[in-house]
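Colleague: I would like to learn how to read side-chain packing in a model. Please take me through it feature by feature.

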Amino acid sequence: GNLLLWQAEEESDWFKEQLNLVPSLWVEYESLTNEVIKHRWLASRFAVQQVSQQTPLELFKDQAGRPYLGVERKPLSLSHCEGFVAAIYADVSVGIDVERISSRVQKIKNYFMQDEELDLLGEENEALILAWSAKESIYKWFGEKYLGYKSQLCIRSIDFMGQAMEIEINTKDHNLIQPVFFRQDSEKVLTWTVGDIGGSGSSSS
């Protein structure tokens, strides 16, 4: 698949000049009222256009709210945070997330982290944001609305040198181990995962 992380410093008018969208997407854009949201919308569509090379760009959403590209229904995932947008596009299911590192994650760590995960990663802001972002990517990849970040997703291993981890997914219909890849610096973390659901991860008993 193709992946892009973009530092979205350009003005909205610049993105408008770069974008070639189907008319229905411009209608969606004009329906937005908040200027910050409109800028993020433009930046994220620009990221999709760059990774997919599709012109004019045509996006749809499935019943779970996951975006896909054009009539071919090519899997796609988007993310944005303050100053950055990310997009990933492939022939199989994908999930991507970008997050700013912040101490706010400390307030919610017990809602998405199991004790064994805290033992594995520690409780520094960077580690907790990484864990949250990885589970966000899995959530987008898996496409099931009611997926418990603490009860159904568990980080089983992490390789900081190889910048990858394995997350176990336990639902009524699935028991999978799925790899998540990451890049991290002092201000942000990027995570992503790619693969057929049920086909790419190894089943565990």
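Colleague: Leaving aside neighbours within four places in sequence, which residues is Thr193 in contact with?

Modeller: First, the ground rules. This is a predicted model, where local features need pLDDT of at least 70, side-chain atom pairs count only at pLDDT 80 or more, and totals for chains, interfaces and linings use all residues. Residues are numbered from 1 along each chain as its sequence is written, and side-chain values use heavy atoms, with hydrogens and water left out. Contact means heavy atoms within 4.5 Å. With those neighbours set aside, Thr193 contacts Ser93, Val94, Gly95, Ser137, Ile138, Trp141, Gln178, Pro179 and Val180.

Colleague: Where is the place of Thr193, and is Thr193 buried or exposed?

Modeller: Thr193 is in strand E10 (residues 188-194); helices (H or I, at least four residues) and strands (E, at least two) are DSSP runs, numbered from the N terminus. Buried means under 20% relative accessible area, exposed over 50%, partly exposed in between (1.4 Å probe, protein chains only). Thr193 has 0% relative accessibility, so it counts as buried. A polar atom of its side chain lies 2.6 Å from the backbone oxygen of Pro179.

Colleague: How many residues does the largest nonpolar core have?

Modeller: In soluble globular proteins, nonpolar side chains tend to be buried together. A nonpolar core is a set of buried Ala, Val, Leu, Ile, Met, Phe, Trp, Tyr and Cys residues joined through side-chain atoms within 4.5 Å. Here the largest has 27 residues, and Ile138, Leu153, Met165, Ile167 and Ile169 have the most contacts inside it. Helix H6 (125-142) is among the elements that supply at least two residues each. H6 gives the largest share, 9 residues. A second, separate core has 23 residues, including Ala43 and Leu76.

Colleague: How many aromatic pairs does the structure hold?

Modeller: A ring pair is described by the distance of the centres and the angle of the planes. Rings of Phe, Tyr and Trp (its six-membered ring) pair if their centres lie within 6.5 Å; planes under 30 degrees apart count as stacked, over 60 as edge-to-face and the rest as tilted. The structure holds 14 such pairs. Trp6 and Trp14 have centres 6.4 Å apart and planes at 20°, so they are stacked. Trp6 and Phe46 have centres 4.8 Å apart and planes at 70°, so that pair is edge-to-face.

Colleague: Which parts does the pair of Trp6 and Phe46 tie together?

Modeller: Trp6 lies in strand E1 (residues 2-7) and Phe46 in helix H3 (residues 35-52), so the pair ties together parts 40 residues apart in sequence.

Definitions and conventions. A polar contact is a pair of N or O atoms within 3.5 Å; within protein, one must be able to donate a hydrogen and the other to accept it, and residues adjacent in sequence count only if both atoms are side-chain atoms.
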